[in-house]
Amino acid sequence: MEYKMVLLAICTTLIMGSSIAKEAEVNSQEKTKYSKHWLLDEGDRTKRINKLETYLRGFDQPMLEVGQRYESLYQALQDENYDFAIYQWNKIKKTIENGLMKRPARRENAEIFLLNQTWKEVFDDISSKDKNTAWEGFDKATVACLSCHVAEDVSFVNNQPLFRLQRSNKK
């Protein structure tokens, strides 16, 4: 009888050990399957870079940020917070430049309409901290944005509330 009990205990241990090992293997596979390291876990370098390029997308994401900063610029001018307006204008330039890394074909129009001369003029207008001059700078920025969108064949972007922030809405 004692022999049967020992044999039963050994069999039970083996069965349970096998079951635990199987469960550990499944848990390990699930952890790998749902890893938070979506780039590091990709073994192939080209696939990893492709994932990153897909995630970062094209010029649309920088333009989304530019639009948000453009609205903040508008609000800063409304509040006569010229330092914050200058901050936003600088960030708009940086965001566009960063976006051009991803879409260099957009560089020519970005430079023609905004980055070469207009950006500095708007910067100087806002930096004057004179209410009327700063708003003139905002209007120059708006014209530059609208013109660039037309040149880039995305004029439909101009038909949105963001670009209805005109002088008539200003304090």
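Asp 125 and Lys 140 meet in a salt bridge, their closest N and O atoms being 2.9 Å apart; the term stands for a side-chain nitrogen of Lys or Arg within 4 Å of a carboxyl oxygen of Asp or Glu. This pair links distant parts of the chain, with Asp 125 in helix α6 (residues 118-127) and Lys 140 in helix α7, 15 residues apart. Asp 125 counts as buried at 11% relative accessibility, whereas Lys 140 is partly exposed, with a relative accessible area of 31%; buried means under 20% relative accessible area, exposed over 50%, and partly exposed in between, taken with a 1.4 Å probe and protein chains only. Glu 121 joins Asp 125 and Lys 140 in a network of salt bridges.

## Basis of the model

The model is predicted, so local features need pLDDT of at least 70 and side-chain atom pairs count only at pLDDT 80 or more, while totals for chains, interfaces and linings use all residues. Residues are numbered from 1 along each chain as its sequence is written, and side-chain values use heavy atoms, with hydrogens and water left out.

## Overall fold

The protein chain holds 7 helices and 0 strands, and along the sequence its pattern reads α-α-α-α-α-α-α. Helices (H or I, at least four residues) and strands (E, at least two) are DSSP runs, numbered from the N terminus. Of the 171 residues of the protein chain, 29% count as buried.

Among contacts in the protein chain with a separation of 6 or more, 60% come from residues 24 or more positions apart, a contact meaning heavy atoms within 4.5 Å. The protein chain exposes about 11800 Å², of which carbon and sulfur atoms supply 56%; accessible areas come from the Shrake-Rupley method with a 1.4 Å probe, and for residues only the protein chains shown count as cover.

## Helix α3 and its cover

Helix α3 has 19 residues, which at 1.5 Å a residue should span 27 Å, and its end C-alpha atoms are 27 Å apart, in agreement with that value; the expected span is 1.5 Å times one less than the number of residues. Its buried residues are Pro 62, Val 66, Gly 67, Arg 69, Tyr 70, Leu 73, Tyr 74, Ala 76, Leu 77 and Gln 78, and what covers the buried residues of α3 includes α4, α6 and α7.

Because Glu 65 and Arg 69 are 4 residues apart in α3, about one helical turn separates them. Arg 69 is listed among the buried residues of α3, whereas Glu 65 is partly exposed, with a relative accessible area of 30%.

## The residue after α3 and its partner

Just after α3, Glu 80 takes a positive phi of about 55 degrees. The side chain of Glu 80 meets that of Lys 131 in a salt bridge of 3.7 Å, N to O. Lys 131 lies in helix α7 and Glu 80 in the loop between α3 and α4, so the pair ties together parts that are 51 residues apart in sequence. Lys 131 counts as partly exposed at 31% relative accessibility, and Glu 80 is also partly exposed, with a relative accessible area of 44%. In total, the structure holds 10 salt bridges.

## Aromatic rings

A pair of aromatic rings is described by the distance of the centres and the angle of the planes. Rings of Phe, Tyr and Trp (its six-membered ring) pair if their centres lie within 6.5 Å, and planes under 30 degrees apart count as stacked, over 60 as edge-to-face and the rest as tilted. By this rule the count comes to 9 aromatic pairs. One of them is the tilted pair of Tyr 70 and Phe 163, at 5.5 Å centre to centre and 55 degrees between the planes. The pair links distant parts of the chain, with Tyr 70 in helix α3 (residues 60-78) and Phe 163 in the segment after α7 (131-151), 93 residues apart. Tyr 70 counts as buried at 2% relative accessibility, and Phe 163 is buried with a relative accessible area of 9%.

The rings of Phe 84 and Tyr 87 have centres 6.0 Å apart and planes at 15 degrees, so this pair is stacked. Phe 84 and Tyr 87 are 3 residues apart in helix α4 (residues 82-102), and therefore separated by about one helical turn. Phe 84 counts as partly exposed at 34% relative accessibility, and Tyr 87 is partly exposed with a relative accessible area of 41%. Tyr 70, Tyr 74, Trp 135, Phe 138 and Phe 163 form one aromatic cluster.
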